[in-house]
Amino acid sequence: MPFRQRCKLKLELQRDCPTLTAVKSGTTNLLPLLKQYFGFTSFRPLQEEIIRDALAGKDVFALLPTGGGKSLCFQLPAMVQPGLTVVVSPLIALMKDQVDGMQAGGIPATFLNSSLAQGESRARLRGLHNGEFRLLYVAPERLMLSGFLSDLQRWNVRLVAVDEAHCISEWGHDFRPEYRQLAELRKLFPETPMMALTATATERVRADIVKLLELREPRCYVASFNRPNLTYRVLAKNKPYDQVLEFVRARPKESGIVYCQSRKSAESVARRLNEDGVKARPYHAGLTPKERSEHQELFLRDDVRVICATIAFGMGINKPNVRFVIHYDLPKNIEGYYQETGRAGRDGLPGECVLLFSAGDVIKQTQFIDEKPDPKEQQIAREQLQKMVHYAECAGCRRRELLAYFGEDWSAGLRHGEPAQSHHAVPEAGAPNCGACDNCLSPRATFDGTLAAQKFLSCVYRIRENTRFGVGLNHVIEVLTGADTEKIRKWNHEQLSTYGIGSEHSRSEWAAIGRELIRLGHLRQTSGKFSVLELTNDGLAALKQRRKVTLTKPVTAQEPKAHRAGEIACDEVLFDRLRRLRKQLADERNVPAYIVFSDVALRQMARDYPASEREFARITGVGEKKLREFGDAFLAEIAAHVGNNPRQIFADDSFAAPPGRG
């Protein structure tokens with residue numbers, strides 16, 4: 001049975017549908033606790049329903065996109081009920097990051113992982129035995145040790161939350177075999193509710209999670225994947241380092257991540273940025289744990305503006321004010337790309353996502369796939385790569401393409417659970433414009449590609465007719481361009497009527513045309529090691545009926561000049577003063593700056609000019625502990641600024657801060 005039939009799905013924008021509304025347990029008013037510990041006055045979509053189901057003892061599956069507030073769904077229940085909430089996570093950086101944040105808000109939390117010295121681990125274990133903690137973060141390998149499981153059974157575990165739950169599925173983008181052992185938890189804690197959380201999972205992966213974790217009639221919540229504050233762009237890769245440097249220099253006060261394919265590239269880009277005056281550090285698995293930790297801390301504390309990283313970085317980093325993410329190389333799959341771009345704008349303020357794309361990157365990724373020993377892994381990886389390339393080359397709305405991959409039809413008002421509609425390379429008349437991707441902001445030029453399409457489709461047809469088997473994209477291009485290769489001579493393809501008829505286009509241009517014909521549905525590409533092209537029924541009809549085919553010109557290297565800053569209007573001079581104060585206070589406490597306050601909170605202060613503790617308490621992110629600890633310092637700084645500078649008046653008095661991002 002499909003996942004969506006087994007679970008009650010609830011979308012962010014659906015309203016009061018009785019079949020989707022969660023049964024709310026008890027009458028506990030959660031808002032005072034939300035404000036006290038997290039400084040928020042309202043929940044983000046689905047958070048309250050998820051929390052109430054967990055408190056009612058129900059199993060829960062929650063798919064909330066990066067920045068959607070997953071963590072709050074298990075952090076707040078830990079403060080509502082006695083006992084221990086166990087959070088299973090593979091991300092060591094995430095554990096420390098979130099525990100630091102919770103302790104700053106007065107929440108007794110801890111973690112156990114390989115980064116701790118033996119003495120520190122023993123001290124934390126004593127605290128757990130004494131009931132001093134409400135939350136425990138632990139890696140799956142540590143959790144499943146027999147001695148540790150015995151300890152857990154004595155610690156009054158009230159909720160088990162499995163974060164990054166997509167790791168349990170081999171169809172997920174980050175499969176980890178150790179996650180398969182977590183099903184044992186159901187036998188050891190038969191009455192304890194389990195919560196599975198992820199930010200990226202197709203319907204197939206969602207079904208795997210529910211099955212493999214043995215969730216019992218789970219309440220299932222799937223929020224919209226849309227990140228409206230992010231802008232998506234794809235640029236033709238041309239002198240990529242120069243493209244990165246120009247981009248970063250144009251944003252002198254912003255921090256971001258540059259994702260690279262290899263450790264060597266990450267090192268090289270970071271070194272060159274430093275030489276050109278941009279503070280940057282590399283981050284990859286080849287560095288020592290100490291080096292990785294130091295580079296991460298420098299970035300979190302805003303001492304370094306740019307991290308140049310392989311995919312080893314960022315999975316659990318909660319730095320909310322990352323303003324841009326650049327993909328220096330092509331990601332392996334859309335799930336990874338979506339999750340990595342999701343590092344931008346977690347505070348709800350605008351973020352920019354730029355992908356540098358070249359056909360050469362596709363060849364590199366294909367070579368890596370061919371080196372995989374498992375044929376099934378190869379097949380999955382090829383299918384995922386094909387979809388990533390289609391996204392990079394599409395001419396339609398990129399937001400719409402991304403959401404469609406996860407089964408969400410953005411153009412139809414975020415209806416979930418319906419089959420994704422076919423997406424044409426050229427947006428159909430009346431297609432919605434997201435206003436925040438390159439294809440919507442600066443649509444690419446189109447041209448009458450009927451003749452080129454006829455030549456390409458005819459070549460595919462003639463090759464199969466002649467040899468009785470299909471060939472790959474590159475061989476079709478070689479026939480079209482009249483190449484003299486061993487395979488062409490071996491199969492006598494120089495005798496075909498389509499041999500050499502495509503000299504008006506280069507090989508790269510024909511490759512782009514071929515891939516667009518695949519996206520248009522005129523061709524089908526198999527996913528085996530030796531993938532071949534096949535004519536579809538639509539393609540055969542287009543060939544025989546000589547239908548008009550409109551194609552788009554490929555992406556060019558020139559970046560749109562407009563920079564979508566989009567920051568919330570505030571007194572920028574005061575904002576800078578508050579940032580410096582935040583940095584000073586954070587350094588004194590040896591924590592990242594955002595642990596003190598987020599950029600959203602500082603901008604609200606620099607807009608509203610709070611002058612009393614009561615007014616300061618209304619700022620987003622100000623809970624009881626932060627009011628006591630930081631209120632006087634920030635109020636004094638604001639008063640000093642107002643004493644020497646006129647208050648600015650903004651067009652809109654109301655500050656529309658993004659909802660709580662737990």
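**Close-up views of a predicted protein chain**

**View 1. Strand 8 beside strand 13.** Strand 8 and strand 13 pair in the parallel sense over seven bridges, where strands are DSSP runs of E with at least two residues, helices are runs of H or I with at least four residues, and both are numbered from the N terminus; two strands count as paired if DSSP finds at least two bridges between them. Within this pairing, R233 has V354 in strand 13 as its bridge partner. The model is predicted, and local features need pLDDT of at least 70, side-chain atom pairs count only at pLDDT 80 or more, and totals for chains, interfaces and linings use all residues. Residues are numbered from 1 along each chain as its sequence is written, and side-chain values use heavy atoms, with hydrogens and water left out.

**View 2. Strand 12 and its two partners.** Six of the six residues of strand 12 (residues 322-327) are buried, a term for a relative accessible area under 20%, whereas exposed means over 50% and partly exposed lies in between (1.4 Å probe, protein chains only). Strand 9 (residues 255-259) pairs with strand 12 in the parallel sense over five bridges, and Y259 stands opposite H327 in strand 12. Strand 12 also pairs with strand 13 in the parallel sense, over four bridges, and here V325 stands opposite C353 in strand 13. Together with helix 14 (residues 334-341), strand 12 and strand 13 make a right-handed β-α-β unit, right-handed meaning that, with the strands pointing away from the viewer, the path from the first strand over the helix to the second runs clockwise.

**View 3. Helix 15 and what covers it.** The buried residues of helix 15 are D361, V362, Q365 and I369. Seen down the axis of helix 15, these buried residues fall within an arc of 105°, so they line one face of the helix; the arc is that of the directions from the helix axis to the C-beta atoms. Strand 13 (351-357) and helix 16 (375-393) are among the elements that cover the buried residues of helix 15.

View 4. E393 is placed in helix 16 and is buried, with a relative accessible area of 10%. Leaving aside neighbours within four places in sequence, E393 is in contact (heavy atoms within 4.5 Å) with F357, R444, A512, R515 and R519.

**View 5. F447 and T550.** F447 is found in strand 16 (residues 446-448) and counts as partly exposed, at 27% relative accessibility. The C-alpha atoms of F447 and T550 are separated by 5.8 Å, although these residues are 103 residues apart along the chain. Not counting residues up to four places away in sequence, F447 touches V549, T550, L551, T552 and K553.
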